[in-house]
Amino acid sequence: MKKIKSAIVGILLVVSLLIVINPISAATVTISPGVEIQAAIDAANPGDTILVNPGTYYGNIIVYKPGLTIKSTGGPAVTIIDASMYWPCNYERPDCVAAGGCKVKYTETDLNHNGFLVFADNVTIEGFTIINATYPGNYNRGLGILIGSISTTYFTRIPYNIDIWGGALPVTEERLARPTGVTVRNNIIDGASDGIYIWSSSGNLIEYNVVNNLIPLGGDGIILYDGGKNNIIRCNTVDKAYGGGIKIMGNTWDSNLLRLYPNHKQFDVTGTQVYCNTITNTSDAPGLNFGWISGTNIVAYGNTVDGNLY
């Protein structure tokens, strides 16, 4: 009997080791025009890679699964995200679609006109041109790439919140998305209310992107707002930004918060690095703008700022 038990234990141990040594491999899928990026995200598992062939694709893409790499095969010159084109139901699951509904339905038109909305950790967005990401009627709309949910705007649209809470819910800490480990690389954002917007998120990398031709409302090329630690913004080009080229800014809506709690996380940008960027032809705000912030090891060096009117 003892031998049988020993054998069973041994078999279980070997199986356990095999599971550890041979985890399920992440998959790679390649899509072409006719298959939308959102559909590929909905079908993916965390950690998968979605390769996108040249063509034009719908915008307002919700990235809600961690570890996804979404990368063009031909580069930004030939792979376009048109933010003026979007599915009214862009987070679809069989259980709701079969019933004729959807989990995230942007009936409010001012919440459309974005490129990518990133709500999950360790996501990579690489090699796209985003056009028509403009909405002149209100702030925080018309974003090229958003990292984080923005507590006043998109948090009820996070699929997790829709699944668990039904979408109609007050803001609480656990319901907000503050992604970490996101990489935004080698993208072109041509025309937006804000180019790349990091909201209250930490440990992200923004590099080798081009942001230009922004509109007056919003108008920031690359913005880190409401706090966020250890973000790196490097080697990007911003041209013709209206509200500022690169802005590192704490919460500016609540002056009492700053007065009473100057080290609150909404101002803490410890470890932020801004270097090797080129900022030209901004208006109505500085090319580099740091304000309402706290923390240590906040550095900016090796940036070129030229032709700005402020």
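**Assigning the terms**

Q: Why is Cys276 called partly exposed?

A: In this predicted model, Cys276 has a relative accessible area of 36%. Buried requires under 20% and exposed over 50%, so Cys276, lying in between, is partly exposed.

Q: Is Cys235 classed as buried or exposed, and why?

A: The relative accessible area of Cys235 is 17%. Because the limit for buried is under 20%, Cys235 is buried.

Q: What makes the link of Cys235 and Cys276 a disulfide?

A: The S to S distance is 2.5 Å, and the criterion is a pair of cysteine sulfur atoms within 2.5 Å; therefore the pair qualifies. The search of the whole structure finds 1 disulfide. With 105 degrees about the S-S bond, this link is right-handed.

Q: Which parts of the chain does the pair link?

A: The pair links distant parts of the chain, 41 residues apart. Cys235 is in the loop between strand S17 (232-234) and strand S18 (237-239), while Cys276 is in the loop between strand S20 (273-275) and S21.

Q: Why does Thr278 count as partly exposed?

A: Thr278, located in strand S21 (residues 278-280), has 30% relative accessibility. This value falls between 20% and 50%, so the residue counts as partly exposed.

Q: How do you know that strand S19 pairs with S22?

A: Pairing requires at least two bridges. Strand S19 (residues 244-249) is joined to S22 by 4 bridges, so the two strands pair, and they run parallel. Lys247 stands opposite Asn289 in S22.

How values were computed:
Residues are numbered from 1 along each chain as its sequence is written. This is a predicted model: local features need pLDDT of at least 70, side-chain atom pairs count only at pLDDT 80 or more; totals for chains, interfaces and linings use all residues. Side-chain values use heavy atoms; hydrogens and water are left out. Buried means under 20% relative accessible area, exposed over 50%, partly exposed in between (1.4 Å probe, protein chains only).
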